[in-house]
Amino acid sequence: MRFSGKRAVVTGGASGIGRATALRLADEGATVLIGDIDEAGGHAIADASCGRIIFQRTDVLQASDIEALMQTADDAGGLDILFNNAGAGGSRDPIGEISPEDWDRTQALLLRSVALGIRYAAPLMARNQGGRGGGAIVNTSSVSALGTGYAPTAYSTAKAGVLHLTKQAAADLAQHRIRVNAVVPGFIVTNIFTRALELDEDKTSKADAMIAHIAADAQPIRRPGTGEDIAAAVAFLASDDASFITGTHILVDGGMTIGTRPSWDPAQPSLFAILDKLK
């Protein structure tokens, strides 16, 4: 019960990584307020939580919604943990074709929302413990922040911005004893891949199965990544076990970024292995 008596906010908490993290924090004793535009999913997780999880409709594209979410937490007793997680795939257009409007919307959803989450949470956390401060903020980035080819340009750029924002915020807020870190997921099987396609139920089910099959073969650890894998890392960063960690990130990618496929897959010979066969 690492979070007994703690109060947490999770954006994008109605499904996927956010839902798994809200459940993990609540299971370890926290009272969790989740914000999401998915009202059905948000109410479902709240109704099943015996009062440990509370839902408030929140559109992170609206600054006023983010501010209201943090205010609700403060009104209920304060804020100790914030997980800035809400997001979607954004525009898939290449840089030579994307419209200014689609670029701005993707950045607003994936980067501006994180900045505003921190902005509205920080003053509340600074008042903790009689003004001595204290709190933990965790932001969701992506392996696409670390290299090309993992996701579209607008998404990847925003997630790279999240990593630098994490460092800047950690420096700014250290005086208030607020730690800021990021989690960097790899290929995690959630509904982020199919939500934007607006498929019917049958096609969504088939697409999810296909994605899970691909994900199981995408990295050295041969299984799909899950929301629970990320929730475990977030819970660690939010806990006192990580009290000496700030301004950095934890990579949770099953080894996807350790090297090119021939470095870990015997079925994919390296250039040197191919040349050796020519001797």
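Helix axes here are lines fitted to C-alpha atoms, and angles run from 0 to 180 degrees between N-to-C directions. With that in hand, let's look at this predicted model.

Q: Why are helices α4 and α6 called roughly parallel to each other?
A: The axes of α4 (residues 100-126) and α6 (residues 153-173) cross at roughly 15°. Angles under 35 degrees count as roughly parallel, so α4 and α6 are roughly parallel to each other. Their axes come within 9 Å, and the crossing is right-handed.

Q: What makes α4 and α6 a contact, and which residues meet?
A: Contact means heavy atoms within 4.5 Å. Residues of α4, among them Trp 103, Leu 110 and Ile 118, meet residues of α6, including Tyr 155, Val 162 and Leu 165. The residues of this contact divide into 14 nonpolar, 5 polar and 1 charged.

Q: How does α6 run relative to strand β6?
A: Helix α6 runs at about 165° to β6 (178-185).

Q: What makes β3 and β7 the edge strands?
A: The open sheet has 7 strands in the order β3-β2-β1-β4-β5-β6-β7, with parallel pairing. β3 (53-57) and β7 (249-252) each pair on one side only.

Q: How do you know that β1 and β2 pair?
A: Pairing takes at least two bridges, and 5 bridges join β1 to β2 (residues 31-36). Arg 7 stands opposite Thr 31 in β2.

Q: Why is strand β1 called mostly covered?
A: Buried means under 20% relative accessible area, and 4 of the 5 residues of β1 (residues 7-11) are buried.

Notes: Residues are numbered from 1 along each chain as its sequence is written. This is a predicted model: local features need pLDDT of at least 70, side-chain atom pairs count only at pLDDT 80 or more; totals for chains, interfaces and linings use all residues. Side-chain values use heavy atoms; hydrogens and water are left out. Helices (H or I, at least four residues) and strands (E, at least two) are DSSP runs, numbered from the N terminus. Angles under 35 degrees count as roughly parallel, over 145 as roughly antiparallel, 65 to 115 as roughly perpendicular and the rest as oblique. A crossing is left-handed if the near helix is turned anticlockwise from the far one by less than a right angle, and right-handed if clockwise. Ala, Val, Leu, Ile, Met, Phe, Trp, Tyr, Cys and Pro count as nonpolar, Asp, Glu, Lys and Arg as charged, and the others, Gly among them, as polar. Buried means under 20% relative accessible area, exposed over 50%, partly exposed in between (1.4 Å probe, protein chains only).
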